[in-house]
Structure formats: structure tokens, C-alpha cells
Amino acid sequence: MTASVPGSPRPPGAVLPTEVTSFVGRRQERADLRQRLGRFRLVTLVGVGGVGKTRLALRTATEVRGEFPDGVWFVELAQLRDPDLLAHQLAATLGCSAPADRTVLSTLVRHLNERRLLLVLDNCEHLADACADLVDRLLRACPRLRVLATSRESLRVESECTYLVTPFSVPERSSISERGASGGDAAALFLDRARAVWPGFDLTQDDRDAIGDICRLVDGIPLAIELAAVRLRALSPAEVLRLLHEGSEVLRHDGRRMPERRRTLRGCIDWSFDLCTDAEQRLWARLSVFAGGFELDAVQGICQGPGLSEPVVDLILSLVDKSILMPEPGSGKARFRLLEMLRQYGYEKLRDSGEDTTMRRAHRDWFLDLATRAEAGLLGTDRRQWLHRLRRDHANLQRAMAYSIDAHDHAQGRAMARSLQHYWVADGRFDEGRTWLARFLRADDGTVLDRLQTVHAAGWLATLQGDTVASAAILRQGAQLAASSDDASAAALITQLDGMDALYTGQPVATEHLELALERFRRVGDVDRQLETLALLTVAAALSPAPVEAGRYHAECGALARSRREPALRLYTAWPYALAVWRSGDVEAALSSARDALSFAASRSDQLSLALCLETIAWIEAGRGRQVNAAVLLGAADRLWSRMGTSTAAFPGLFRFRRDCETDCRRLLGDGPFEAARVRGAELTPEQACSRGRGQHEEGAPPGVAGGIAEGGPLSAAGLTRREREVAGLLALGRTNREIAMELMIAPRTAESHVHQVLSKLGFHSRAKVTVWLADQLRGAPETTAS
């Protein structure tokens with residue numbers, strides 16, 4: 001850590017500051033920085049104030065000091081205000097004062113020219129231009145010099161490598177262990193600092209939950225975590241959390257030697273705010289109206305206006321450079337967010353400026369327009385993209401609706417909530433949608449049609465969730481509203497809702513009501529409602545004694561979708577049509593249709609349709625003797641149902657198929673193996689579940705293996721039992737004995753015994769012969785003899 005300049009005394013700045021508290025985490029970051037220091041001559045750590053740039057730089061410098069024979073030199077710049085004194089500060093640290101006949105810069109160059117050393121320049125942000133100029137000159141003149149800098153914005157020097165220091169990852173709720181190890185670096189830091197001030201600190205479950213909430217509330221910023229942990233001298237974690245929620249100045253450090261700008265988190269943020277231009281400060285304040293992340297189009301649509309002397313894009317990029325805004329990776333479009341502490345600070349500034357109401361209204365209006373455009377987009381070929389956008393902006397949509405309630409602007413709120421109905425259904429957010437709709441319906445204002453459309457949306461969600469009491473009450477409310485209006489659309493809406501309620505409660509009048517609603521929607525030219533009603537009629541027909549009738553509604557829906565040049569709308573009837581084909585007796589055609597519907601639902605990222613398709617395929621698979629696969633698919637569907645807060649139990653007409661499927665699987669597999677398979681399915685991701693449902697886990701199988709193992713197939717004719725046929729089918733897929741045991745939920749020794757029996761009955765000595773023989777049998781080729 002010390003310089004080794006021959007013949008010169010070691011100046012005080014030659015030693016890196018000693019760590020007075022333990023260093024926690026950042027293992028990957030330290031490895032990254034060591035690697036970058038080996039490749040680049042200037043590495044700048046950038047990040048928001050309090051994120052731990054200085055500690056990380058010091059620890060990294062300590063770890064690489066052996067690579068610099070002329071020392072690692074630390075230069076603290078936080079207290080330096082005059083940029084003209086920067087070179088003098090560096091010279092004083094290095095102990096190379098300039099003689100009268102030479103400039104400070106030339107002295108530094110001469111001193112550093114042949115030395116291999118590392119300079120650590122800490123807190124460069126307020127002297128960024130001066131630091132950039134000095135570092136650039138020194139690097140060009142001194143080939144063995146390397147610089148590690150910390151700053152809230154990059155120095156923008158040629159060949160500079162910037163390294164973004166992000167906050168600690170925050171723990172999941174209730175994931176913190178006694179030592180904090182499972183809670184990640186954020187929890188480990190909190191517990192380390194807490195036990196420094198309270199050595200006997202013992203974690204209860206309530207403490208763990210509160211600590212996790214504190215770490216999340218401060219976005220994992222190390223300085224904030226440390227300041228919160230220090231408060232455990234006098235307060236419990238729950239009390240610290242409460243004070244944080246109340247906006248208290250609890251995050252204040254009373255250390256006498258602490259720099260003022262680090263004495264409180266507020267002081268740290270003040271420092272960042274003061275480094276911004278007027279336009280950057282104004283945009284920072286306006287960005288505080290967003291909740292969560294935001295994209296560039298939203299910023300331009302909401303925040304553009306008086307006081308911004310530069311284009312919004314330029315200001316956004318500048319705030320990113322200054323570590324105020326954090327880029328959000330992985331969304332496909334440029335997306336940013338303010339850390340929560342910075343957002344709260346910005347909103348205080350927005351209130352002080354008197355712009356808060358104007359900006360919140362602008363925010364609401366922009367996201368109302370987004371929801372309206374998304375409503376149409378969800379019915380088109382861009383459905384998946386719109387669903388992703390709404391998911392990314394979910395918090396902003398909630399904030400926009402909350403403003404409508406706060407401002408008593410219920411008409412705009414109802415319009416927005418109705419526009420989000422398809423999103424809530426597709427994503428399974430029934431509880432949330434019903435909550436917002438109920439809030440807006442409490443306000444007794446607006447036109448009859450406005451309120452009726454909102455009642456209709458609420459009734460649709462309640463019915464899908466199986467809440468018969470609520471749906472009946474909503475239906476009565478809708479009937480009263482429709483009776484007070486002579487609008488044909490009002491009558492059509494309540495008739496459709498009546499038919500849907502009858503369908504879900506198993507009443508025989510469902511088709512009659514839905515046919516009447518369809519006719520009324522035709523009269524008023526509401527194509528979207530026609531498509532909805534045709535989907536409900538397809539379900540009604542699929543469950544009726546004459547399921548073949550579903551084909552008529554399915555075909556009409558397809559023709560209507562094509563007329564609008566929106567083929568994606570066939571998603572409405574794809575699933576119930578597959579159900580109808582299955583009930584008509586054509587099992588293979590039904591499986592093909594259901595898998596096609598599953599692929600279509602997956603391509604549109606529709607959670608409700610995914611769950612229904614997985615269930616239907618499970619029912620079909622159980623009838624084909626593939627009980628293990630059926631049980632796995634039921635588990636995968638259950639995971640989706642649980643997330644949505646509903647299930648097929650909400651729909652008695654469908655639940656009987658689920659019940660029969662589960663009963664059949666339990667009888668043939670046994671309760672233990674069935675539950676094991678179902679749990680395995682519940683652990684699948686949606687992508688894995690779709691792959692399983694489409695039969696892609698059988699990729700590489702001979703064509704028609706399922707037919708080969710079915711009753712009456714060639715394996716059955718060869719005298720194999722049902723279990724042996726399943727084993728033979730898995731052998732044909734190339735499964736090992738262990739994989740067969742796992743697939744069929746049997747013991748490995750039992751699987752080995754079944755394999756021996758299969759080979760013996762078929763007269764083969766090679767497992768591979770099973771694949772060839774079965775493929776030949778299914779193609780009608782002569783029987784292959786054993787060798």
C-alpha cells in the first residue's frame with residue numbers, strides 16, 4: 001500500500017485509509033475491477049451517492065497493490081472546492097512539490113513518468129472537468145500510470161472504462177437466516193452493523209421481516225442500510241421501519257468525524273442535487289411522478305414543458321451519467337428508474353415548485369391513453385408486446401388510477417379500469433381488477449352507460465373468479481341500470497353478463513341469453529363484444545350434450561377475426577373448440593387442437609388461456625393412458641391458477657373433467673406418485689410447462705409412440721402389460737432406467753425389472769432394438785427379429 005520512491009520520505013497520503021468497519025460482500029465486483037485494472041489504464045466507479053464506491057475502490061486497491069511497485073496512492077477530493085488546486089493536491093499527496101521554475105503539471109509528469117503506480121482519486125464528481133483534464137494529460141505522458149477513480153458521473157476521458165456500482169440486491173421477505181447469509185449482501189451488512197452497536201442482538205422472525213423490508217425500502221443502498229442499522233442502539237427493527245415509512249430523519253449518523261454530506265442520507269442526496277443543472281433538477285423532480293420504471297416515450301409525453309432548456313433525451317442521458325437514473329436492463333426498450341429515496345426527494349422538490357398536481361394529472365392522462373391503446377392492441381397481433389408493456393408499467397397504471405380517486409375524477413378512472421379489463425383477465429389479476437372497479441363504482445356519478453360498462457367489467461371478473469355471491473349482486477345492479485336506459489348497448493351488455501353467469505353456474509338458459517346478446521351486439525355493430533360472446537357460446541356448446549355445435553361458433557369467430565384482419569382473435573375460441581372435439585370422441589384431433597391452442601396462448605403470453613389449455617391437455621392425456629404426464633400438467637396448471645386466485649372449481653361444468661382426471665390418475669398411479677408428479681409440474685416454469693403440454697419432452701420419439709403403447713397397439717399385441725407398455729414407450733424415447741423410474745414414479749429396481757421383462761417378451765437383447773421395432777410396427781413394416 002505504500003510508495004517505494006527511492007530517496008524520498010513517505011508522505012502521509014502514501015498509505016491507503018485503514019478500514020474501520022468490516023467489508024461486506026461485493027466479491028464479484030472486486031473480481032471484475034481487478035480484471036478491468038489489468039486491461040484499462042483508467043477505471044471509473046460510478047454510482048449513486050451512498051452506494052459504496054469509495055469502500056469498493058479502497059478494497060480493490062488493497063487487493064492489487066502488489067502489482068504496483070511504486071505504490072497505491074489515495075487522493076480524497078470531497079473537501080476540495082477549487083479546481084485550480086487539484087494538481088497541487090495531487091502533488092502534495094505524492095510528495096513532489098514544484099520548484100519555482102516549473103509548473104505543477106510538469107512536475108507531476110516528471111515524477112510519474114517512469115513509475116508504475118496506481119492513483120485512487122475519490123469523489124471526482126464536483127471537479128469532473130478538472131479531473132478529466134488532469135487525468136487525460138497524465139495518462140498520455142506517463143505510460144506506466146493507472147488511475148482508479150470514484151465519481152457520480154464518468155470523467156468522459158478517452159479510453160476510460162466506467163464501472164457502474166449498483167446497490168446491494170435486496171432479500172426476499174422471510175429469507176433472512178440467523179446469520180443473514182441467505183438474505184444476500186444487504187441483510188449481511190445490516191446485521192454486521194447492527195451487532196457492532198448491539199453485540200447481543202438476536203433475530204426473531206419479526207425482526208427478519210422488518211430488516212428485509214428496510215433493505216427493500218432503501219433500495220439496498222449500503223449507506224442507508226448502515227445508518228438504519230445504527231439505530232438499533234435504541235430502536236427495534238420494526239420501529240426503524242415505521243419511522244422510515246413516516247419520512248423521519250432516522251437515517252442520520254451522529255458520528256463526530258463523519259463528513260456532513262454523509263452524516264445523513266438526505267445530505268448525500270442534497271450533494272447530488274446540487275451537482276445538477278437547473279434543467280436536470282427540474283426533470284428529476286418531474287420524474288418523481290412515476291412509480292417503478294418508465295420508458296422514454298412516457299417521459300417525453302409527461303415531463304416535457306417549460307423550464308427544460310434542453311431536449312428530454314439529452315437530460316435523461318445526463319441524469320444517467322450522474323447516477324441519478326438507473327437503466328433497467330432486459331425490457332427491449334430503453335427503460336429507467338429512480339431509486340425510491342431519490343424519487344421521494346424529487347417529489348418533495350416537485351411539491352415545493354407547485355407542479356405536483358399538474359404533473360400527476362399529466363401522468364394519469366398519458367397512462368389512460370396507454371391503457372386505451374392497449375385495449376385495442378390486446379385484440380391484435382401485437383398482443384404479447386402490449387401485455388409486456390402493461391406488465392412493465394403496472395405500478396404506473398396503479399398510480400394513475402390512484403390519482404383519479406384522489407382527484408375525485410371517477411369518470412376517467414372508470415374509463416382506465418375498463419380499458420385494463422382484458423389485461424387483468426389475460427394476466428389473471430382478478431382480485432386487483434375487482435378492487436379498482438369496486439372503488440370507482442362507489443362514486444355515484446357518471447352516465448348510466450358509463451357505470452353499466454364498469455359494472456359489466458366487474459361482473460366479468462367476479463364470474464371468472466367463481467365468486468357467485470358477488471357476481472349475482474353485480475348482475476342485479478347492472479339490471480337496474482339497464483332498465484333505466486334506452487341504449488341498445490346497455491341491454492346487450494347486461495344480457496351477455498346474464499348469459500355468462502348462467503354458463504358458469506350451470507343453468508340451461510345460458511345459450512339462450514348469449515344468443516340474444518350476440519344478436520344485440522350485431523345490431524349495434526360492436527364486433528369486440530360479438531367475439532367475446534362467440535367465445536362464451538363455444539364454451540357452452542362444448543359442455544352441452546351436442547358438443548359438435550361448438551364448431552359453428554368457432555368458425556364464425558374465425559371468420560369475424562379474419563374480416564378484421566386480426567387472426568389473433570381466434571384465441572377466444574381455440575381452447576373450447578379443442579374441448580368440444582375431445583368430447584365428440586376424436587381424441588387425437590382434440591390433442592392436436594389443444595396443443596395448437598396452447599402454442600397460440602403461449603405466443604400471446606395469456607396466463608388464463610395457458611392454464612385452461614394445460615388442464616384440457618391433461619384431461620386428454622389421462623384418457624390416452626398417460627397418467628404421469630396428466631398429473632404433471634395438472635400441477636403446472638395449478639401453479640397458474642394459484643397465481644390468479646381462481647381455478648376450474650369456479651366453473652362446475654369444467655371442474656367435473658378436472659375431478660375425473662385426477663381420480664383416474666390417483667387410482668392408476670397411487671396417491672404418492674400422483675402427488676409427486678403434480679408437485680413436479682408445479683415447479684415447472686410456464687415455458688417448461690408449455691413444452692411439456694406440446695409434447696416436446698418426447699422430442700426424438702418415433703412417430704406415434706403413444707399409439708404404440710395404447711391398448712390394442714403392437715406392444716399390447718406382443719403381450720405387454722399396461723406398465724410394461726409405458727416402459728417400452730420410454731425405452732423408445734431413449735430413457736435410462738433411472739429416468740424411467742423418475743418418469744413413472746417407481747423405484748429404480750422396479751424400473752430395471754420392467755425393462756428386463758419388456759426385452760424378454762419382445763425377444764431383444766438391445767434396448768435400441770425397441771425403438772427400431774416399434775417404429776417399424778407403427779409404419780406397418782415387417783417385424784424386426786432379435787439378433
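User: What about C96, buried or exposed?
Analyst: C96 is buried, because its relative accessible area is 7%. Buried means under 20% relative accessible area, exposed means over 50%, and partly exposed is in between, using a 1.4 Å probe and protein chains only. Keep in mind that this is a predicted model, where local features need pLDDT of at least 70, side-chain atom pairs count only at pLDDT 80 or more, and totals for chains, interfaces and linings use all residues. Residues are numbered from 1 along each chain as its sequence is written, and side-chain values use heavy atoms, with hydrogens and water left out.

User: And C161, buried or exposed?
Analyst: C161 is buried, with a relative accessible area of 10%.

User: How many disulfides turn up in the whole structure?
Analyst: The search finds zero disulfides, where a disulfide is a pair of cysteine sulfur atoms within 2.5 Å.

User: OK, helices now. Which residues of α3 are buried?
Analyst: In helix α3 (residues 86–94), they are L86, A87, L90, A91, T93 and L94. Helices (H or I, at least four residues) and strands (E, at least two) are DSSP runs, numbered from the N terminus.

User: Why do they line one face of the helix?
Analyst: Looking down the axis of α3, the buried residues fall within an arc of 160 degrees, so they line one face. The arc is that of the directions from the helix axis to the C-beta atoms. As background, an α-helix has 3.6 residues a turn, so residues three or four places apart point the same way.

User: What covers those buried residues of α3?
Analyst: The cover includes β2 (72–76), α4 (104–112), β3 (118–122) and α5 (128–141).

User: Which residue other than glycine has a positive phi of about 65 degrees?
Analyst: That is S323, in the loop between α14 (312–321) and β7 (325–327). S323 counts as buried, because its relative accessibility is 3%. H408 is another non-glycine residue with a positive phi, near 55 degrees. H408 is in the loop between α18 (394–406) and α19 (410–419), and is exposed, with a relative accessible area of 60%.

User: Switching to rings. How many aromatic pairs are there?
Analyst: The whole structure has 11 aromatic pairs. Rings of Phe, Tyr and Trp (its six-membered ring) pair if their centres lie within 6.5 Å; planes under 30 degrees apart count as stacked, over 60 as edge-to-face and the rest as tilted. One of the pairs is F273 with Y345: the centres are 5.4 Å apart and the planes at 65 degrees, so this pair is edge-to-face. That pair links distant parts of the chain, with F273 in helix α11 (residues 265–274) and Y345 in helix α15 (residues 340–353), 72 residues apart. Both F273 and Y345 are buried.

User: How is the pair of W582 and W619 arranged?
Analyst: W582 and W619 are tilted, at 6.3 Å centre to centre with 35 degrees between the planes. W582 is in helix α28 (residues 571–583) and W619 in helix α30 (residues 607–623), 37 residues apart. W619 counts as buried, at 3% relative accessibility.

User: Which residues do ring pairs link into a cluster?
Analyst: F290, F294, W366 and F367. R373 also lies over the face of W366, 5.9 Å from the ring centre. A charge sits over a ring if NZ of Lys or CZ of Arg is within 6 Å of the ring centre and within 35 degrees of the ring normal.

Terms used:
Contact means heavy atoms within 4.5 Å.
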